[in-house]
Amino acid sequence: MGDIRNFFRYVIPAVLSFALSGVYAIVDGFFVGNSIGDLGLSTINVAYPIVAVIQSLGTGIGMGGAVCYSIHKAEKKETEAKEAAAGALWLLILSGLILTFSILLWNPFLLRMLGAEGQLLLLGEKYITVIALGAALQVMGTGLVPFIRNHGNSFYAMVSMTAGFITNIILDYLFVWVLEQGVAGAAWATIIGQGVTMLTALVYLLHQKQFTLYLPIADMRAVSAAIVKIGIAPFGLAMAPNISLMIINRFSILYGGEKAIAVYACIAYIICIIYLILQGVGDGSQPLLSLYYGEKNFSRMKRIRKSAYSFSLFLSLISCIVIYLTREHLGVLFGASKEVTMETAKVIPIFLVSIPFAAVSRITTASFYAAKKSAFSYILTFTEPLFMSAFMLILPPLLGGQIMIWWSTVFAGILSALLALFLKHQADKQETSKKLPA
């Protein structure tokens, strides 16, 4: 009972936090869509992968540093734990500055790569220029939260994210609807909201005397490498819905045009929330998984992982039921046209088929990077987009155009879940063999 109670103490606030961050992602679409219509909704949809890269990079670095910190603490290596925290902070600061200059320099090129043309390109440039100016705030905001969670205060991590979320909603209403600043106003609301999350996280870390930038130059390379090695997987996991978004948008332009992009914009916002809720279960479990891994207590580690599977499958089932029952109103939520709203209601049940399989993949991936099984976590993180691309190259021209674009995502999710179970079985065999006497 103690492990179960501890599991929910960590996971419930994390799930709520990630659910809010999912709503955070759709707030711009809601206000802009209801202000400008399908064009505004499509603009946010096409440009959002750039925002996702910024936030995912913060998540990857923060989670990589937090895993290293937590495992070192469990191993009673206090110096190494502090160096992991300092290394992550330096990486967050440097990556935020690099992203700002890079995105400002390559803004039009990046948007064209994502399929933006004409009015989509012009509005996208306005949106992303503002986003780039606040890239450092977003990287720091998302990157500091995992450390709070690994200090044992998952509730405050939720408070920090909630503060940013509420700020974003208020400012979206003010900038987009009242002051009619359009996509630029939505972008300002986003970066200021992330800035509030960053500040509340900093207040906590400073109060707990856990904020440190001291890292000997001689150790910097090794510490950074360890953080990046673990952080690649959570970065990819956070990016996964947006990698899917980019792939689906590119293929949908060929088969369904702007209408299909607008339809997937509505679907993607909702599916993104579910994926983030599932990630909340995985990342909420991570402090306990890393702790027990560091203590070499593999039986308790497996109990936590089993709880994560059960809870994520339960949440995926509830989410599918709620979305199916409200499917006819989803397009209306984002100010989509009647035609797009009707098509969204018709298509979204296809995507719901893949949700339980996504739960299996995400929990397995999180359990791998929490225990420093980087190779397995990389495989799971980056094979699903490859499966998806392969299906989209083969199935639509053979079996029915745009409808097979949608089904390709489901088939890719099922294959990824089967691969996750296979790799989990292999990892469990390795751990069992290590405990057997020679």
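# Rings, charges and helices in a predicted model

Arg 327 lies over the face of Tyr 324, at 3.9 Å from the ring centre, where a charge counts as sitting over a ring if NZ of Lys or CZ of Arg is within 6 Å of the ring centre and within 35 degrees of the ring normal. The model is predicted, and for that reason local features need pLDDT of at least 70 and side-chain atom pairs count only at pLDDT 80 or more, while totals for chains, interfaces and linings use all residues. Residues are numbered from 1 along each chain as its sequence is written, and side-chain values use heavy atoms, with hydrogens and water left out.

**Charge over a ring**

- A further case involves Lys 296, whose charged end sits over the ring of Tyr 293, 5.7 Å from the centre of that ring.

**Aromatic pairs**

- The structure holds 15 aromatic pairs, a pair being two rings of Phe, Tyr or Trp (its six-membered ring) with centres within 6.5 Å, and planes under 30 degrees apart count as stacked, over 60 as edge-to-face and the rest as tilted.
- Phe 7 is buried, with a relative accessible area of 1%, whereas Phe 8 is partly exposed at 33%; buried means under 20% relative accessible area, exposed means over 50%, and partly exposed lies in between (1.4 Å probe, protein chains only).
- The rings of Trp 407 and Phe 411 have centres 5.9 Å apart and planes at 25°, so this pair is stacked.
- Trp 407 and Phe 411 both belong to helix 15 (residues 402-435) and are four residues apart, about one turn of the helix; helices (H or I, at least four residues) and strands (E, at least two) are DSSP runs numbered from the N terminus.
- Trp 407 is partly exposed, with a relative accessible area of 27%, and Phe 411 is partly exposed as well, at 31%.
- Phe 7 and Phe 8 also belong to one aromatic cluster together with Phe 311 and Phe 314.

**Helix packing**

- The axes of helix 8 (residues 217-255) and helix 14 (residues 374-399) come within 8 Å and cross at roughly 5°, where axes are lines fitted to C-alpha atoms, for helices over the stretch in contact, and angles run from 0 to 180 degrees between N-to-C directions.
- This makes helix 8 roughly parallel to helix 14, given that angles under 35 degrees count as roughly parallel, over 145 as roughly antiparallel, 65 to 115 as roughly perpendicular and the rest as oblique.
- The residues in the contact of helix 8 with helix 14 divide into 18 nonpolar, six polar and one charged, with Ala, Val, Leu, Ile, Met, Phe, Trp, Tyr, Cys and Pro counted as nonpolar, Asp, Glu, Lys and Arg as charged, and the others, Gly among them, as polar.

**Salt bridges**

- The count comes to five salt bridges, each being a side-chain nitrogen of Lys or Arg within 4 Å of a carboxyl oxygen of Asp or Glu.
- Lys 77 forms a salt bridge with Glu 75, with the closest N and O atoms 3.6 Å apart; Lys 77 is partly exposed at 36% relative accessibility, and Glu 75 is partly exposed at 28%.
- In helix 12 (residues 338-352), Glu 343 and Lys 346 are three residues apart, and the closest N and O atoms of their salt bridge are 3.4 Å apart.
- Asp 428, which is buried with a relative accessible area of 14%, forms a salt bridge with Lys 424, the closest N and O atoms being 3.6 Å apart.
- Salt bridges that share partners join Arg 305, Lys 424 and Asp 428 into one network.
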